[in-house]
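Here are my notes on this one, as numbered points. Have the model open while you read.

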Amino acid sequence: PRRTAAKGLRHGGCPSRCHCEADGARLRVDCSDLGLTALPANLSVFTSYLDLSMNSLAPLTAGALAEFRFLEELRLAGNGLTHIPEGAFSGLGGLKVLMLQNNQLQRVPCEALQNLRNLQSFRLDANHIHSAPPGCFHGLVSLRHLWLDDNALTEVPVQALAELSSLQAMTLALNKIRHIPDHAFANLSSLVVLHLHNNKIHSLGEKCFDGLRSLETLDLNYNSLLDFPFAIKALTNLKELSFHSNNIRSIPEKAFTGNPSLQMILFYDNPIKFVGKSAFQHLPELRMLSLNRASEITEFPDLTGTTSLESLTITRARLSSLPGTLCDHLTKLQVLDLSYNIIQDLPSFSSCRKIQKIDLHHNEILEVRAGTFQGLMELRSLDLSWNRVRSVEPHAFADLPLLSKLDLSSNALSSLPTAGLGGLTHLKLSGNGDLRELMSAEDFPKLRVMEMPYAFQCCAFVACERSAKLWDTEESSGRELQSRRDADIAHVLNRPEEDYSLEDLLLELEENPKSKQSVQCSPAPGPFRPCHHL
Amino acid sequence: KALIKVTPLRQEPTGKPITLEGVFAGVRGQAEGRLMQSHPLSLCNTSEDERQDSVFISIVKLESPERQVPQCLSLLEKARLAVKRGAKAVIFDVTDDAGAAVELREALLASGDYLLVVLVQAKDAEVLMGLVNRNEEATVRIEVMVEPPRWPHYD
Amino acid sequence: EVPPSCTRGCELCSEYNGCLKCMPKLFILLERNDIRQIGVCLASCPVGYFGVRNPDMNKCNKCRIENCEDCFSRNFCTKCKEGLYAHKGRCYPSCPDGFSLTNGTTECTS
C-alpha cells in the first residue's frame with residue numbers, strides 16, 4: 001500500500017495512505033485505488049485537487065464536501081456510485097473539473113449540479129445514463145467540455161443541452177441514439193467538437209445541426225445512416241467531417257458547398273456507388289480525397305476550386321478516361337491512385353509537379369508516351385502493372401530523377417527503353433511474355449529488387465559463376481557462427497558452456513570479399529535454369 | 001539468415017557483443033540502432049506512439065493467437081508503421097505465434113516493400129526480450145549471415 | 001527475471017508486454033519507460049493524453065496539439081501551456097483578431 005507521502009505541507013496533514021503535494025498555498029491529494037468506502041478523514045480544507053477514483057465509496061451525502069471551498073478538481077471515477085443526492089456538491093462553487101465516469105449512474109444527477117457555476121469539465125462517460133431531463137444542466141454556465149459517451153441514451157437530451165451556450169466540446173458517442181431531430185443543438189453556438197460515433201443513428205433531421213456555427217469537427221462514424229448527411233450544410237466552419245462505416249450509397253452533387261473550410265472528409269466503408277461530378281468542388285482546404293468501390297462513377301470528378309489536394313484515390317470505379325486538364329487543379333498532389341478502373345489513354349501528368357507516387361495498376365492502358373510523365377521531378381514510384389501496355393516511347397522515363405520503383409509487370413511489352421531508369425531500386429517486368437531482351441547491370445547500378453519474365457535475365461544481376469568460388473571459403477565460417485551463437489546465448493542465459501572470442505570470427509568475415517550488392521532477382525537462375533549458355 | 005549482434009550498453013563500458021540469429025522475413029540487409037520495445041497495440045494507426053528521435057530498432061513480442069489480442073493492423077502494416085516512425089528495422093519475436101512468420105513472409109514478398117524485418121524465436125528471442133524486461137539499453141546490429149550453398153545432390 | 005506485474009484492472013496480462021486488454025470501461029495506456037513499452041490500465045488518462053472510447057478498446061492517445069497540456073480529443077485542447085490563450089480548442093500567444101480575454105481566465109471570446 002502507498003505510504004502516506006506528503007511534500008511540503010503547511011495546511012493540515014495528509015490523509016493516511018494518500019499521496020499529497022503542495023500546490024502553492026493549496027494541496028493536491030491523491031487517495032485513488034485504496035479500497036476506501038468513505039471520504040478520508042483529516043482532509044485539509046485547502047485541498048484544491050482530490051482524487052478518490054477507483055475506490056468503493058458509499059453514496060455521497062448532502063454537504064459532505066461543503067467545507068472544501070478551494071476544491072477545483074474532484075475525481076470520483078470508478079466508485080460504483082448509483083446516485084448522487086442534492087447538495088452533495090454544495091459549497092463547491094469553485095469546482096472546475098468533476099469526474100464521475102465509470103460509475104453506475106442511471107441518470108444525470110441534476111439536483112447535485114445546480115450551484116457549480118465555475119464547472120468547466122464534466123465527465124459522465126461510462127455510466128448507464130438513459131436520460132438527462134430538461135433543466136438538468138441549468139447551473140453549469142461555465143461548462144466547456146462534456147463527456148456523455150458510453151452510456152444508454154436513446155435520444156439527444158435537446159432541452160438539457162440547450163442551457164449550455166458556453167459548451168465547446170461534447171461526446172455522445174457509444175450510446176443508442178437512433179435519430180437526431182431538427183434543432184437538436186440549436187443553442188450550442190460555441191460548440192467546436194461533436195462526437196456521435198458508435199450510435200445507431202439511421203436518420204438526421206434536415207436542420208438537426210442548425211445553430212452549430214462554431215463546429216469544426218463532426219464525427220458520425222459507425223452509425224446506420226442511409227442517406228448523405230445533408231444537414232451539414234449549416235456547418236459553415238466545419239474542418240473535419242467523418243462518416244465512415246455507415247450505409248450511405250451516394251454523395252450528391254454540390255454535397256459540401258456549405259462547408260468551404262473542410263480539410264478532411266472520411267467516408268470509407270460505405271456502399272457508395274454514385275458520386276456527383278460536382279460533389280467535391282470548391283474545397284480549397286481539402287488535403288485528401290479517397291473514393292473506393294464507387295462503381296457508378298464513370299467520369300473523373302470536377303475539382304474546380306479544390307486546389308490543395310495532396311492525395312487523391314479513386315479506385316474500383318469505372319473511369320475510362322481522364323481529362324487533359326486533370327493536373328490544373330492538382331498542383332499540390334503527391335499521391336494519385338486510380339487503380340482498378342478501365343482507363344485506356346493517359347493525359348500528361350506534367351503539371352502535377354509535386355507528385356511522388358502514381359498507381360495506375362489494373363487498368364487498360366495501351367501505351368506510355370514521351371510526354372505522359374515528363375518532368376515529374378518528385379516522382380518516386382510508378383505502378384503500371386496489369387495493363388495492356390504494348391509500347392513505351394524511348395524517352396518516356398527520361399527525366400524522372402527520383403524514380404526508384406517502376407512496376408510494368410503483366411503487360412504486353414516486348415522491349416523497354418532504359419533511358420532515365422538508372423536510379424531504380426525496384427524494377428518489375430514479370431508477366432511480359434514477349435520481353436526477352438537482356439538487361440545490362442550497368443544500366444541499373446542501384447537495383448535491389450527485380451522481377452523479370454525469364455530466369456536467364458537475372459544472370460547479369462546475381463553473378464552465377466563468381467559466387468560458386470565464394471561459397472567455398474564461407475563454408476567454414478557458417479559452422480563457426482553456429483557454435484558462436486550457442487556460446488553467447490549460454491553466457492547470457494547463465495547456462496555453462498565454453499567461451500569463444502568473437503573478434504577472431506569478425507576478422508575472418510571481413511576478409512571475405514563482399515559478394516555483389518545482393519540484388520534479389522526472380523525467377524532466380526538455378527541448376528535447371530543455368531546461366532552458362534549465356 | 002540474419003546475424004544479430006547485441007551490445008548491452010550498461011553492462012561494461014566496452015560491452016562485448018552477444019551474437020544471436022534470426023531470419024529475414026523479406027529483403028535482407030544491414031541495420032543498426034538502439035533496441036526499443038513496441039507494444040503490439042502501439043502499432044495501430046489510432047495509437048499515437050510518437051516518433052523517436054534516436055536511431056532505433058523496434059522489437060515486438062507477438063502474443064499467442066489464443067490470447068486474442070486485438071489485431072488492429074496486419075503484421076506488414078505494423079512493420080510499415082514502425083519504420084514510418086523511424087525504426088531502422090523491426091524484429092518480431094514469433095516464439096508464441098509461429099503463423100506470424102508465414103504471414104509476414106508472404107505479405108512482404110507480395111508487397112515488394114523494402115522493409116528490414118527479422119523474425120526471432122526461442123533462445124535468441126529470450127535473450128532480446130530479457131534485455132527489454134530488465135530495461136537494459138543495448139544497441140543491435142543486424143547483418144546478413146552468409147551461408148553455405150545447398151546444392152542438390154545428384155549423380 | 002521478474003515479469004512485470006500488470007496494474008489492477010488488467011484482464012489479459014503478458015510477461016513482456018504488460019497489459020494487453022483492460023477491464024471494461026478502463027483505458028489502456030501504452031507507457032514508454034526507456035526501451036520498454038508496457039500496457040497499463042487507468043480510470044482516466046494522465047495529463048497530456050486523452051481517452052478514446054471504442055466498442056472493442058478504450059485507449060489513451062497522446063495529445064499532440066501545439067502548446068497544449070491536456071486535450072479533449074485529437075484536435076481540441078482543454079488546457080494550454082502557461083502564458084498562452086485558448087481559443088476554439090487551440091493555443092495562441094495572443095487572442096485572434098475580434099476576440100479578447102474573458103475576465104480572469106486564459107480564454108478568448110468574441
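1. Leaving aside its neighbours within four places in sequence, which residues is A:Ser224 in contact with? They are A:Lys200, A:Ile201, A:His202, A:Asn246 and A:Asn247, where contact means heavy atoms within 4.5 Å. A:Ser224 itself sits in the loop between strand E13 (217-219) and strand E14 (240-242) of chain A; strands here are DSSP runs of E with at least two residues, numbered from the N terminus. Its C-alpha atom is 5.1 Å from that of A:Asn246, although the two are 22 residues apart along the chain. With a relative accessible area of 28%, A:Ser224 is partly exposed (buried is under 20%, exposed over 50%, partly exposed in between; 1.4 Å probe, protein chains only).

2. Some ground rules before going on. This is a predicted model, with local features needing pLDDT of at least 70 and side-chain atom pairs counted only at pLDDT 80 or more, while totals for chains, interfaces and linings use all residues. Residues are numbered from 1 along each chain as its sequence is written, chains are lettered from A and ligands numbered from 1 in the order written, and side-chain values use heavy atoms, leaving out hydrogens and water.

3. Now the salt bridges (a side-chain nitrogen of Lys or Arg within 4 Å of a carboxyl oxygen of Asp or Glu). Over all chains there are 29. One of them joins A:Lys233 to A:Glu206, at 3.4 Å from N to O. A:Lys233 is in the loop between E13 and E14 of chain A and A:Glu206 in the loop between strand E12 (203-204) and E13, so this pair ties together parts 27 residues apart in sequence. Both ends are partly exposed, A:Lys233 at 44% and A:Glu206 at 49%.

4. A:Arg369 and A:Glu367 also pair up, at 3.0 Å. Elsewhere, shared partners link A:Arg123, A:Asp125, A:Asp149 and C:Arg53 into one salt-bridge network.

5. Finally, chain C against chain B. The contact draws 26 residues from chain C and 31 from chain B. About 2,600 Å² is buried, 49% of it from carbon and sulfur atoms (buried area is the accessible area, 1.4 Å probe, that two parts lose on being put together, summed over both).

Key
Helix = DSSP H or I, 4+ residues; strand = E, 2+ residues; numbered from the N terminus.
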